[in-house]
Amino acid sequence: MKKLINDPLGVVDDMLEGAVLADQRLVLLEGENIVARRDFQALGQSGKVSIISGGGAGHEPAHGGYVGGGMLTAAVAGPVFTSPSVDAVLKAIMALAGPAGVLLIVKNYTGDRLNFGLAAEIARAAGVEVDMLVVGDDVALDNQGGQVGRRGIAGTVFIHKVAGAAAEAGLTLSQVKAEAERAAAGLFSMGLALGACTVPAAGKPGFNLGDDEVEYGLGIHGESGVRRGRIQSADEMVDVLLARLVEQGELKAGERIALMVNNLGGTAVQELDIVARQALSGCAALGMQVEAVMVGTFLTALEMAGCSLSILRVDDALLTRLKAPTDATAWRGMTTPSAVVSRVPVVSVTEQHAFTGASWSSDQADAMRKVLQAVSQAFQHSEQVLTELDSVVGDGDIGISLARGARAIDAALESLALDRPAVALQQLSAILRRVLGGTSGPLYAVFVLRAGVALSEHAEPGSVGAWAEALQAGCDGMVRLGGASAGDRTMLDALIPAAAALSSQAKGVATADAVLQMAIAAEIGAEATRTMLPSKGRSSYLGERALGHVDPGAYAVALWMRAVASALGD
Ligand code: ADP
Ligand code: MG
């Protein structure tokens, strides 16, 4: 188990202290793990109902994150995944209760029901106006959870919001409870886990899932779910959750709902948005009207990978509560979704040919086609090798980037103006700029663009001299844009010697021979990067650890130059 903790038994205390330190509006109640609004006393006396929720820790940002104006007045935290004690809850009630009373919002677990329930009894006996609402939204279990009823999971956060907003609006305790109760009756949630979580004090994951397994309908304490399934695409798994929600909630076309896409703790934001995409499309396909949506981390099971979906039936009154302002930090605010992905057409940058240059023979155009095909093949064949090289000294993407560039060149080959090499180079530059990405993208784009400009100034674009100048100009452009120079361990260490080799070829040398000399110079240059200390690009973070490895960008240059030489040598 690797966690950013101090003492496994002090996790809850340390965490709450952190939360309260970070926000002046929050305080801890002395002697207990209770987070409250700093102004809770004034609020109690103001005649507004106070709202308390809580439960075991481990569900952060629930429940402390929902303490704030317009939501919870206080949150009681137990040990991880363990209900807080009767006395802790009682302390919160007694501290907060004003004339308008206190509403407890409890997720349906036996421990929570008993501890919060008994605390409410004792407070009531002492003359405090207190009521309790138990939320059970988890539709995973058949038979509505049998005798114990549905478990309370992430959808409960909606109930915190509804109750908090109703209390803020000045409703009485029974009115606040009635609103929250009415909302809870139309609340349905279901979760999906891709992995287990580890309770700090236990030190081991709560259950084991195979690499290709997922668990549907798990509880939020790492308790196992209702069934295991094979991992499928996000869309397919979301469909399973939605189908169950619709069936259990008896949701019909035309119904107005609010949707929550919740991260169980260990899911990337990226994945959560992918889930949201399908959940929203699925609801739309079923004819449901999603009036408000919220995607984020709302109620977790520690670092569990996975998500849950919650659907709340809404009407105008409930929507007003959901959209009412709150300063609780974990409530992200609900947005109104679009029915379809909105794409706004914009005028695209037209590829103007800033320069044209001279044309050349159709044999030369064919030779250029052959060269481009050879370069493209070389990149596609070497994707793996380049990936490995870049994984050692960089981030491993150069092979993929260049293979993507190669495929784009293939696809565009027939549309290139190969009869006018300067124009073709401009077109290639635009393609590389668009598809390569990374550092290589703009650097190659400027290299090819500058080469094209240089070539356009030559009456005989087929001469070795013209291409030598073009290469030289390309290198200059790359130096200017990227700020590296010879010896900095970049692709320039292959390009610069290659350009020099080409320009040193005397008149009368066959083109194929000149180009072969260029390719050899690039190979020698690339090899020499092994002993160079990196100072530019990602490898610069590696310092001396890069020594002994060839720079992937320089290696790629040697590869394509060798491909050019073979294409022209045949
Ligand atoms: P990244 O993933 O770092 O954005 P790529 O993987 O696309 O970049 O390309 C990495 C290669 O780019 C390096 O191996 C190096 O040869 C080259 N490179 C990095 N910085 C420069 C620079 N300033 N000038 C020329 N080439 C550079
Ligand atoms: Mg890279």
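**Metal site, domains and secondary structure**

Aspartate 397 has a relative accessible area of 26% and is therefore partly exposed; buried denotes under 20% relative accessible area, exposed over 50%, and partly exposed the range in between, with a 1.4 Å probe and protein chains only. The model is predicted: local features require pLDDT of at least 70 and side-chain atom pairs pLDDT 80 or more, whereas totals for chains, interfaces and linings use all residues. Residues are numbered from 1 along each chain as its sequence is written, chains are lettered from A and ligands numbered from 1 in the order in which they are written, and side-chain values use heavy atoms, without hydrogens or water.

The magnesium ion (ligand 2) is coordinated by the OD atoms of Asp390, Asp395 and Asp397, at 2.0 to 2.3 Å. Donors are N, O and S atoms within 2.8 Å of the metal (3.2 Å for Na, K and Ca), and sites may look incomplete because water is not among the atoms. The donor residues of this ion follow the sequence spacing D-x4-D-x1-D. Aspartate 395, with a relative accessible area of 37%, is partly exposed.

Two domains are assigned, domain 1 (8–323) and domain 2 (362–569), with bounds that come from an automatic or database domain assignment. Their centres, taken over C-alpha atoms, are 57 Å apart. An unreviewed UniProt entry places the feature "domain: DhaL" at residues 366–566; UniProt positions follow the numbering used here, feature names are shortened, and annotations may be inferred rather than shown by experiment. Residues 366–566 are 69% helix and 0% strand, and the end C-alpha atoms of the span are separated by 15 Å. Helices (H or I, at least four residues) and strands (E, at least two) are DSSP runs, numbered from the N terminus.

Leucine 542 occupies the loop between helix H17 (511–528) and helix H18 (552–569). Beyond its neighbours within four places in sequence, leucine 542 contacts Val392 and Val393, where contact means heavy atoms within 4.5 Å. Between the C-alpha atoms of leucine 542 and alanine 276, which are 266 residues apart along the chain, the distance is 38 Å.

Strand S2 (residues 34–37) is covered on both faces, with Ile34 and Ala36 buried on one side and Val35 and Arg37 buried on the other. S2 runs antiparallel to strand S1 (residues 26–28), to which 3 bridges join it; two strands are taken to pair if DSSP finds at least two bridges between them. Within this pair, leucine 26 faces arginine 37 of S2. The two strands make a hairpin with 5 residues between them, and glycine 31 in the turn adopts a positive phi of about 85 degrees. S2 is also joined by 3 bridges to the antiparallel strand S4 (residues 74–80), in which valine 76 is the bridge partner of isoleucine 34.

Strand S7 (residues 187–193) is largely enclosed by the rest of the structure, because 7 of its 7 residues are buried. Leu187, Ser189, Gly191 and Ala193 point one way from S7, and Phe188, Met190 and Leu192 the other. In a regular strand, side chains alternate between the two faces of the sheet. S7 pairs with S12 over 7 bridges in the antiparallel sense, and methionine 190 has leucine 309 of S12 as its bridge partner. Strand S8 (residues 213–216) also pairs with S7 in the antiparallel sense, over 2 bridges, and here leucine 192 is partnered by tyrosine 216.

Helix H8 (residues 269–285) comprises 17 residues and spans 24 Å from first to last C-alpha, close to the expected 24 Å at 1.5 Å a residue; the expected span is 1.5 Å times one less than the number of residues. Its buried residues, among them Leu272, Val275 and Ala276, pack against helix H7 (234–249) and strands S10 (256–263), S11 (289–296) and S12 (306–313). Glutamate 250 is exposed, with a relative accessible area of 54%.
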